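Try each one before reading its solution.

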Amino acid sequence: MPQRMAEYKMELVLANAERDNKGRILNYPKIRSYVVYFWPEEGKDDPGLCAIYEIEVRYRKIFLYEKTLAELKQMELWEYVAFAPILKGMDEQQLKEAVELLET
C-alpha cells in the first residue's frame, strides 16, 4: 500500500505541474490521500509512509471499524456513511440517522 500511495501522489504532483497551451501552470485542487481499512486488524502494519529514493510520501490511514458515526460526520467522510453497520458502537437509532444522512 505505501508504494501504491506514493505512485498516486506522484501522479498528482505531475498533473499539477502541467501547463496549459499558453504556458500557464494549471492549478488543480489539493487532494488529500487516505487509505480506508474496513475490517478489524486490517492495515495495522501499514506504516502510512513510503520513501522512494529521496521522495517521502505520507498518507492518512482511516480504520473505519474504529470510527463512530459522529466521527465520520465530523471528518465529513459522507461517502463512508454507507458502511454504517460496521462502525463502532452503532445502535438502531444511529442506523436510522445514517439512512437519513444517505437520503439527504
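A contact here means heavy atoms within 4.5 Å. Keep in mind that this is a predicted model.

**Exercise 1.** Find what share of the contacts in the protein with a separation of 6 or more comes from residues 24 or more positions apart.

*Solution.* Take the contacts with a separation of 6 or more, then pick out those between residues 24 or more positions apart: they make up 44%.

**Exercise 2.** Work out the order of helices and strands, then decide: is the protein compact or spread out?

*Solution.* Start by counting: you get 3 helices and 4 strands. Along the sequence they run α-β-β-β-β-α-α. Next, compare the radius of gyration, 18 Å, with the 13 Å that the globule rule gives for 104 residues; the protein's value is well over that, so it's more spread out than a compact globule. The C-alpha trace spans about 55 × 35 × 15 Å along its principal axes, and 27% of the residues count as buried.

**Exercise 3.** Classify the ring pair Y37 and F63, and say which parts of the chain it ties together.

*Solution.* The structure has 5 aromatic pairs. In this one, the ring centres are 5.9 Å apart and the planes sit at 25 degrees, so the pair is stacked; the cut-off for stacked is under 30 degrees. Now place the residues: Y37 is in strand β1 and F63 in strand β4, so the pair ties together parts 26 residues apart in sequence. Y37 is buried at 9% relative accessibility, and F63 is buried too, at 14%.

Conventions. Residues numbered from 1 in each chain as written. Predicted model: local features only at pLDDT ≥ 70, side-chain atom pairs only at ≥ 80, totals over all residues. Heavy atoms only, no water. Helix = DSSP H or I, 4+ residues; strand = E, 2+ residues; numbered from the N terminus. Rg over C-alpha atoms; globule rule 2.2 N^0.38 Å. Buried < 20%, exposed > 50% of the residue type's maximum accessible area, 1.4 Å probe, protein only. Phe/Tyr/Trp six-rings, centres within 6.5 Å; stacked < 30°, edge-to-face > 60°.
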